[in-house]
Amino acid sequence: MSNDRLFEAYRETHPKSASFHEQAKQYFAGDGATAHTRMIKPYGPFITHALGSKKWDVDGNEYVDYTMGHGALLLGHSHPAVVSAIQEQAAKGLHYGDNHELEIRWAELIAGMVPAAERIEFFSCGQEANLMAIRLSRAFTGRRKILRFVENFHGWADQFSLPPMTAGAVFDDVTMIPYDLEVAEKELAKNEYAILMTEGGGAHMAGQIPLDEAFVRALPGLTSKYGTIWHMDEVVTGFRDHPGGYQAMVGVKPDLASFGKIVTGGLAGGALAGRADILHAFSADMPDEKRVKHSGTWNANPLTCSAGVACLNIVKTGEPQKRANELADALKRKGRQMIKENGFNAWLYGRSIVHTYLGPVDFEPDDDISPPSQNTQNILGKTPAKERLCIHLLQQGISTLGARYFVLSAVHTEEDIDKTVNALEASLAAMREEGTL
Ligand SMILES: Cc1ncc(COP(=O)(O)O)c(C=O)c1O
C-alpha cells in the first residue's frame, strides 16, 4: 500500500529514532510521546541538538525547524544573548529562594511593552497564569462562572478542556460561545460571569480561526458593562507579531493578560499582567475573604528571569517580529503560488505563525490571515491529512508540529523558505498521488 511505502521509507531514514521510540513507550504511556501535540504515527524523530533555524536528530537528519519550541523561540534556537545570560546566571545560583534584581528587570520590560501591564505576577507556565486569571477574577467579582470562546485553547486543565470532553475533566461553571457579539452580550447580561477568556489572534496558535479585530475591540466595552473581567490569553501572541502583543496590535487593553513561551526566552515560565486593582488581591493588606495567595517554587526563578530579560531586551526593538513576519510573508506568497500552479487542495495563511489548510479552497480570502473555507474540520486540529503531511515533510528535512503550522523565527532564512516550499510541493504531490490529499 502507498501509505506503507511512506512509513517504510521513514523507518529507513530514522532507525535510531525507532529504537528510542520503543524505549520511550516503556515509560511514556502516550505512545512514547511526552506531550499530546508531539504524538505522531509511526513516531517522531529524537533530536540531539538545535541551533538557529535548524535541528538534527539521532540518525543525522537535518531539519529546518518550524516547531520552534511550540512557539517559544522567536529568536531561534540557542540565541547567543539568551545562552550567555543563562550561563552567567547558572554560575551565580539557580534558585535563591528570595527576591533578586532580575525579577524586577523582567517585569519592567513587560510593563514597558504591554498595555495591560499595570502589575505583573510570574508563573511556571502559561496555563498557570490562565488559572490565576480565573482565580483573581472570581475574587474580584465574587462570581464563579467562566465564559470562553469555542475552540480557544488555554491549556489542559479542567476549565480549559475542549469539547468533546476530555475524560476526567470537570467542566463545571464553563460556558462556551462562538465568536458572535450578540451571543456574547446575551450571556454576559446574565451578570454571572467572573471572566471572559479570549485567545489572542484567534483559536489555536495565534489564529487558525482568526479573530475579527472589530469584534475584539467591542469586547472590553461589553465586559465592563456587565461587570465581567476581560482576559486575553497572549501565551502564543505575547510579543510574537508586535512588542506589545496582540492587544497592542489591535489597540485594546484587557483587564488581565497572560504570557508564556516568548516571555521566558525559551525556559519554562509564564506571566500574568493586568489591572493594579485586580492584582491587589495578592496584597497582605487584603481582608482574608478577598485575598489570593500565590505560592510556587519556580516563580521568577533567577534562571528563567535571566533568559526572559535577555530575550525581551531584543524583542522590545520590534526587529525580530519584523523579520519573522517578512519570512512568513515569503512562505505564504511563494507557497500559495506553488499551490495554485499545482492546483493542490491546500492554503497557507496567518501572521508569523503560518497555518496550513488542507482541503478544498472554497474561496480566496482577501486578507493574509483568513483560511479559505468555513469548514473547521479541515482548519483545526490533528487531521489525518496533516499528520501524513508531517511525515512527508520530515522526509524532506522540514520539522513541524503535525504540519498544522509553521512557526517562523527571526533567524529563518530565505534559503529555508525556498527549501520549505519545495518540500511542500513534493509532499503535496506525493499525497495527491497516494490519494491522501
Ligand atoms: C494560547 C495558549 N494558552 C495557554 C497555553 C498553555 O501554556 P503552557 O503550555 O505554557 O502551560 C498554550 C500552550 O500552547 C497556548 O497555546
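Proline 42 sits in the loop that links helix H2 (15-25) to strand E1 (47-51). Keep in mind that this is a predicted model.

**The loop between H2 and E1**

- The peptide bond running from lysine 41 to proline 42 is cis, and its omega is near 0°.
- Aspartate 31 belongs to the loop between H2 and E1 as well.
- Although aspartate 31 is not a glycine, its phi is positive, at about 55°.

**Where the ligand sits**

- The ligand takes up the space of the largest pocket.
- Around it you'll find Cys125, Gly126, Gln127, Asn130, Phe153, His154, Glu199, Asp233, Val235, Val236 and Lys261.
- Sorted by class, that shell holds four nonpolar, four polar and three charged residues.
- Which helix gives the most to the shell around the ligand? That's H6 (residues 126-141), with three residues.

- Aspartate 233 comes in with its side chain, placing a polar atom 2.7 Å from a ligand nitrogen atom.
- Lysine 261 has a side-chain N or O atom 2.8 Å from an oxygen atom of the ligand.
- Taken alone, the ligand would expose 400 Å², and the protein buries 80% of that.

**Helix H12 and what follows**

- H12 covers residues 319-342, which makes 24 residues.
- From first C-alpha to last, H12 reaches 35 Å, close to the 34 Å expected at 1.5 Å a residue.
- An α-helix has 3.6 residues a turn, so residues three or four places apart point the same way.

Note on methods: Residues numbered from 1 in each chain as written. Predicted model: local features only at pLDDT ≥ 70, side-chain atom pairs only at ≥ 80, totals over all residues. Heavy atoms only, no water. Helix = DSSP H or I, 4+ residues; strand = E, 2+ residues; numbered from the N terminus. Expected span 1.5 Å × (residues − 1). Near = heavy atom within 4 Å. Polar contact = N/O pair within 3.5 Å; in protein donor to acceptor, adjacent residues only side chain to side chain. Areas by Shrake-Rupley, 256 points an atom, 1.4 Å probe, with all protein chains shown as cover. 1 Å grid on protein atoms, 1.4 Å probe; cavity = no way out; pocket = protein on both sides within 12 Å on 5 of 7 lines; lining within 4 Å. Sits in = over half its atoms within 2 Å of the grid points. Nonpolar A, V, L, I, M, F, W, Y, C, P; charged D, E, K, R; others polar.
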